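Reader: I have a model open and some labels to check. Please take me through them.

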Amino acid sequence: MATTPEKVEEIDLNIYTNLDVLTRLQFKARGFSFSPKQPINSILAGKNVSKLRGRGLNFEEMRQYQLGDDIRTMDWKVTMRTGKPHVKVYTEERERNVFLLVDQRQSMFFGSKGKTKSVIAAEIAALAAWRTLEATDRVGGIVFNSENSLTILPKRSKHHVLQFLAEICKQNRALSSGVANTNISLSLENMFEQTLRIVGHDALVIFISDGMGWNDKCAELVKTISQHNDIICCHVTDPLEHQLASMKQMVVSDGAMQIEVSSDKAQLKQAFQQDVRQAIDNFRVTARKYRIPLLPFNTLLPTEKQLRKALGLVIG
């Protein structure tokens, strides 16, 4: 049954989010980071994925060695020429650009028991945006749905973060049950092409999506982006999606029509199982292939707890 966002917001914030909820998440965006220094249990520090490269280092000056200096910064040529030990001094590059790619397509408007995937994605984006601002980096990104996308260039201010979150809320509230866009891959391709045009290099890109519509072109675009930037994928799924492929009977609707899938219709069931598994697995395979950290999220548990667990932090 189609419902209007305004009425639903008053009833259940598990279906739609709002700016007040996302703003209050700034108080929970503490105690974790997306820097290269990660707890040992963090997925970003895993042995099977590439670690984040982090910010660049700028050469600051050359000076004589002092007790406590890192021996790895020793400049042996200058030391040999002057006869006195010298080290290079670097300063960490500040204000790194962080791009949040936030999926608010029709496929995200789904949740079997807890929140919808679109709400979880909005909350991940809010936590990452507030954390980025706290780390004195610049935050921007692309908020996209099945038909449109909005690019917001990175800046470092609370007002800018609020504008970004307001755009997420706007697209989140525009979601409703109805006919889904059949060309779900095109919106992903267009979004990654736009990302490639604006991202530059040495940025951190955080992609928040269910991965639906992922194809070979998306994988190639992500590969190109990852050559000069760090990428983190936040994969949002609903527990029911993992069970769909093995269910004996179900009714599936695109908002306009319904079909019944049962064990009696073996060919249809097999095709449906293949589509469901492929939609979930393709995204994971690509992340593994290009050594991109993949942070799993579901629609049942609190978003901030899932993020902390993925980053290896102790859950209280």
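Reader: What makes Trp214 count as buried or exposed?

Author: This is a predicted model, where local features need pLDDT of at least 70, side-chain atom pairs count only at pLDDT 80 or more, and totals for chains, interfaces and linings use all residues. Residues are numbered from 1 along each chain as its sequence is written, and side-chain values use heavy atoms, with hydrogens and water left out. Buried means under 20% relative accessible area, exposed over 50%, partly exposed in between (1.4 Å probe, protein chains only). Trp214 has 9%, so it is buried.

Reader: And Phe207, buried or exposed?

Author: Its relative accessibility is 1%, so Phe207 counts as buried.

Reader: Why is the pair Phe32 and Phe34 called what it is?

Author: Rings of Phe, Tyr and Trp (its six-membered ring) pair if their centres lie within 6.5 Å; planes under 30 degrees apart count as stacked, over 60 as edge-to-face and the rest as tilted. The centres of Phe32 and Phe34 are 5.9 Å apart and the planes stand at 80°, so this pair is edge-to-face. Phe32 is buried at 6%. Phe34 is buried at 10%.

Reader: What is the pair of Phe207 and Trp214 called?

Author: Tilted, with 6.2 Å centre to centre and 40° between the planes. Phe192, Phe207 and Trp214 form one aromatic cluster.

Reader: Which residues touch the most other members of the largest nonpolar core?

Author: A nonpolar core is a set of buried Ala, Val, Leu, Ile, Met, Phe, Trp, Tyr and Cys residues joined through side-chain atoms within 4.5 Å. The largest has 40 residues, and Phe34, Leu100, Ile206, Ile208 and Leu295 touch the most other members. Another core, of 23 residues, lies apart from it and includes Ile142 and Phe283.
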